Amino acid sequence: MTKIRLYGYSTSPFVRKVGCCLYYKQLPFEFVPVDPTNPEQIAFTQQTQVPVLQIDDEWRNDSTPLALWLEELFPDKPLFGHNEQERALILSMDKWVTDSLILSSFRFAHETEMTARFRQTAWRMAAIVSSQTPLPDEIRNAWPELLKMAPFIKHMMCDIDKSELLPDMQMRVGMELLQHLNEGPFFGGLQQPSMVDFAIYPQLVFNYMVGTEQDLKIAKVPALRQWLDNMRQYLPENPLLVPDFMIVGHLPREAFEPHPERQVANR
């Protein structure tokens with residue numbers, strides 16, 4: 001029997017992307033949380049980059065190449081469409097996910113002011129990491145500052161067009177998200193989900209599910225609400241690699257109604 005292990009942080013959008021691809025292909029796997037302060041779990045790679053996917057005695061990293069590797073080894077339930085045209089479309093949209101959708105969230109973390117709300121959100125992220133690889137209190141307390149200084153975020157900021165202000169980037173990304181959906185039922189107007197859907201889904205539901213947002217704002221957009229409905233049949237109720245006890249907003253029962261009485265989760 002094939003042994004599959006996925007190494008990474010559940011707070012990483014790239015790790016969650018690979019996890020959702022594995023869920024979709026119905027491949028049993030072990031998620032191995034990595035300690036970001038001492039990544040000894042992936043010492044065998046002699047690198048610090050996540051995600052790392054190990055299949056039997058072979059390992060590789062980088063989320064899109066990992067999805068391609070899964071496709072090569074386990075072609076059932078394809079992640080890259082059914083022909084070369086669909087494959088090219090999926091790879092193009094996947095580049096947009098990295099360069100725009102995910103980059104905008106990292107830019108927000110990098111540029112937003114150190115408000116009480118930002119600290120509370122950062123501490124929630126630290127609590128999630130610590131629930132899987134316990135962190136010293138001083139590291140958890142300093143997480144807001146550490147998040148802004150994170151080398152991988154600073155590295156991604158090198159690709160930012162500084163002439164486009166963050167609010168303008170966020171508005172553009174929202175409009176492009178709907179354009180890429182292309183009336184669905186899945187991104188690119190495809191009839192079956194692809195790697196792109198499994199990159200976007202955990203990114204869009206993460207903050208709601210872990211309690212840093214009080215309602216699922218994207219569900220207010222009819223086209224995205226229908227896409228969420230379409231996606232849920234392919235993934236477990238908790239597809240985030242986060243421990244179940246850290247989940248605050250549960251899909252699908254309560255995702256589509258605002259809950260003003262819910263409080264943003266704290267530490």
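A search of the whole structure finds 0 disulfides, a disulfide being a pair of cysteine sulfur atoms within 2.5 Å. The model is predicted, so local features need pLDDT of at least 70 and side-chain atom pairs pLDDT 80 or more, while totals for chains, interfaces and linings use all residues. Residues are numbered from 1 along each chain as its sequence is written, and side-chain values use heavy atoms, without hydrogens and water.

The sulfur of Cys21 lies 7.3 Å from the closest cysteine sulfur, in Cys20, which is too far for a bond. The table lists relative accessible areas; buried means under 20%, exposed over 50%, and partly exposed in between (1.4 Å probe, protein chains only).

| Residue | Relative accessible area | Class |
|---|---|---|
| Cys21 | 1% | buried |
| Glu71 | 16% | buried |
| Cys158 | 62% | exposed |

Glu71 is found in helix 2; helices (H or I, at least four residues) and strands (E, at least two) are DSSP runs numbered from the N terminus. The side chains of Glu71 and Lys25 are joined by a polar contact of 3.0 Å, that is, a pair of N or O atoms within 3.5 Å, where within protein one must be able to donate a hydrogen and the other to accept it, and residues adjacent in sequence count only if both atoms are side-chain atoms.

Helix 2 spans residues 63–73, and its buried residues include Leu66, Trp69 and Leu70. The buried residues of helix 2 pack against helix 1 (13–24), strand 3 (52–55), strand 4 (58–61), helix 3 (84–111) and helix 9, contact meaning heavy atoms within 4.5 Å.
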